[in-house]
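Please read it alongside the sequence and structure shown here.

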Amino acid sequence: MDAMNRKTGPSDSGADPAREARDTDVIVVGAGPTGLLLAGDLAEAGLGVTLLERRPAEISNLTRALVVHARTLEQLDARGLADELIAGGHPLTGLRLFGRATIDPTRLRSRFPFVLVTPQFEVERLLERRARRAGVTFRHGSEVLGLDQDAGGVTVRFRTAEGLGAVRAAYVVGTDGFRSTVREAIGLPFPGRSAIRSLVLADVRLTQEPDSPLMVNANGEAFALVASFGGGWYRVIGWNRHHQADDDAPADLDEIRELTRLALGSDYGMHDARWVSRFHSDERQVPTYRVGRVFLAGDAAHVHSPAGGMGMNTGLQDAANLSWKLASVLQGRAPDSLLDSYQTERHPVGKQVLRNSGALIRVALLPTGPGRAVRTLATQLVNRLRPLSHRAIRTISGIGITYPAGPGAHPLAGRRAPDLRLAGGGRLYELLRQGRFVLITPADEPGVPQAPTGGDSPRPADGRVVTASWRSARRTALLVRPDGYIAWATDATAPAERAAALRGALARWTGAEDGGPIATALTPPIHAADTPAGR
């Protein structure tokens, strides 16, 4: 077995007899955005992570994604990366879906009320830098051949230029894209269909600068997107109803010019095509994101049309959901059953994204007169009905995603936590950079260690929870998960009821026995009047 470096940390504290037989804690297959974010999260949590990538290190990934939505920017903010990414991109305060239908992200209650136009490789660059700094072991030029799993772990077999190798871990995550080897190795089908054929993609220079860094339109005859790619280059993605060809058919600049003129009314003087390729877009999703100790995320689990630019964003949010759960289990703070909630929470999201992107592309490409009338009506409804427009941008941006919270839960449970301003001048998403749960309580909550003022970062209590307090007078207590969703909340005011609820929440979500020292400190003193004799 090809031995890998294993980073020691909190994961070493759990009693796991099979651990000594493993080379690392988690193997991530695929070094795209999803895999890089996941690997970086796990390594920052103190886990050993090996990332296997088929491409040699000197060959860059084929990048198709061009937009980063608000919810993904929030996730990147929780990792200290959002501001740097935004500085090199183009924030747009309006997004046109098709025809004249526009949605307004400035209505979002987010620190990022816009759509960021930036190439996928910029996202990958920041995530790879973070992952390397955190100690992820990168193995480029490693082609996965198969895997074997048992009760104690998973062994992944791979091939490099030097020969065959293998590495063993507690869990494996396949983030290796549409043609996922991991998905095939665990025998999962990838049901679905082709959504749109003969898409053409090119990087070009333009003589005439477009009105916006992102131009997109469809009119039934053609679809085209032109986006600034940096360095004077523009990415063009398009489709021409009258020129359909197989993926291996050659494409050239003349074809790109023609479909752009059909959809946008101009080809902007395209010249010097760096490369041109043809591909098709599928709508597919695996029935389950987990098989034993193996998980799928990103394009390995779901693919859909490019409409709405939700593909890379959905994969990154898959990774944010899964990473803290794997860390909790491997550190002995949660049972393995917590990992089943990855399927419960993310599979419906993937299904909804598939439906929404499919509906957008079908409406945009309606060919007939009656179809175009339907599209015109849809455009008018989106533009004129504020609730419909607000729902559309919340859906596309990911801000509106919620997770099931179970019967009897507080109405806030399962919802995204906004970037709350906290006492002392800090923000919630700054605290989430510690990769911990965040407990927010009133400033005068007895017994709860509060965030210091003066800009200093609060320290984790018992290594599991960061404590902070509301800047306002709000009395709700919130426990926010590491991925920025609310795990638990209470409006209870009776001290005994509030303390008992918090003890239960901390025990359930962080694995602290009886809620740990925070909940113990909150337990109110027992007075004679509270005892049976006193009553």
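## Basis

The structure is a predicted model.

## Helix 7 and its partners

Two packed helices are described by the angle between their axes and the distance between the axes. Helix 1 (residues 33–44) and helix 7 have axes that come within 8 Å and cross at roughly 25°. Angles under 35 degrees count as roughly parallel, and helix 1 and helix 7 are therefore roughly parallel to each other. Their crossing is right-handed. On the helix 1 side the contact is made by Pro33, Thr34, Leu37, Leu38, Asp41 and Leu42. Helix 7 contributes Met312, Gly315, Leu316, Ala319, Ala320, Leu322, Ser323, Leu326 and Ala327. By class, the residues of this contact between helix 1 and helix 7 are 11 nonpolar, 3 polar and 1 charged.

Helix 2 (residues 70–77) also packs against helix 7 (residues 311–330), at an angle of about 40° and with the axes 9 Å apart. That angle makes helix 2 oblique to helix 7. The crossing of helix 2 and helix 7 is left-handed. Arg71, Thr72 and Gln75 of helix 2 meet Asn313, Leu316, Gln317 and Ala320 of helix 7. The residues of the contact of helix 2 with helix 7 divide into 2 nonpolar, 4 polar and 1 charged.

Strands of a sheet pair through backbone hydrogen bonds, either parallel or antiparallel. An open sheet of 3 strands has the order 3-7-4, and its pairing is antiparallel. Strand 3 (67–68) and strand 4 (90–92) are the edge strands, each pairing on one side only.

Strand 3 and strand 7 (residues 115–117) are joined in the antiparallel sense over 2 bridges. Within this pairing, Val67 has Val117 of strand 7 as its bridge partner.

How many of the 8 residues of strand 10 (residues 153–160) are buried? The count is 6, so strand 10 is largely enclosed by the rest of the structure.

Strand 9 (residues 143–150) pairs with strand 10 in the antiparallel sense over 7 bridges. The two strands form a hairpin with 2 residues between them. In this pairing, Gln149 stands opposite Val154 of strand 10. Strand 10 also pairs with strand 11 (residues 163–169), in the antiparallel sense and over 7 bridges. A hairpin through 2 residues joins strand 10 to strand 11, and Thr155 stands opposite Arg168 in strand 11.

Most residues other than glycine have a negative phi, and most peptide bonds are trans. Ser198 has a phi near 55°, a positive value in a residue other than glycine. Ser198 lies in strand 13 (residues 192–206). With a relative accessibility of 0%, Ser198 counts as buried, because buried means under 20% relative accessible area.

Where is Tyr268 found? Tyr268 is in the loop between helix 6 (253–264) and strand 17 (270–285). Tyr268 is not a glycine, yet its phi is positive, at about 55°. Tyr268 is buried, with a relative accessible area of 6%.

Key. Residues numbered from 1 in each chain as written. Predicted model: local features only at pLDDT ≥ 70, side-chain atom pairs only at ≥ 80, totals over all residues. Heavy atoms only, no water. Axes fitted to C-alpha atoms, helices over the stretch in contact; angles between N-to-C directions. Helix = DSSP H or I, 4+ residues; strand = E, 2+ residues; numbered from the N terminus. Parallel < 35°, antiparallel > 145°, perpendicular 65-115°, else oblique. Left-handed = near helix turned anticlockwise from the far one by under 90°. Contact = heavy atoms within 4.5 Å. Nonpolar A, V, L, I, M, F, W, Y, C, P; charged D, E, K, R; others polar. Pairing = 2+ DSSP bridges. Buried < 20%, exposed > 50% of the residue type's maximum accessible area, 1.4 Å probe, protein only.
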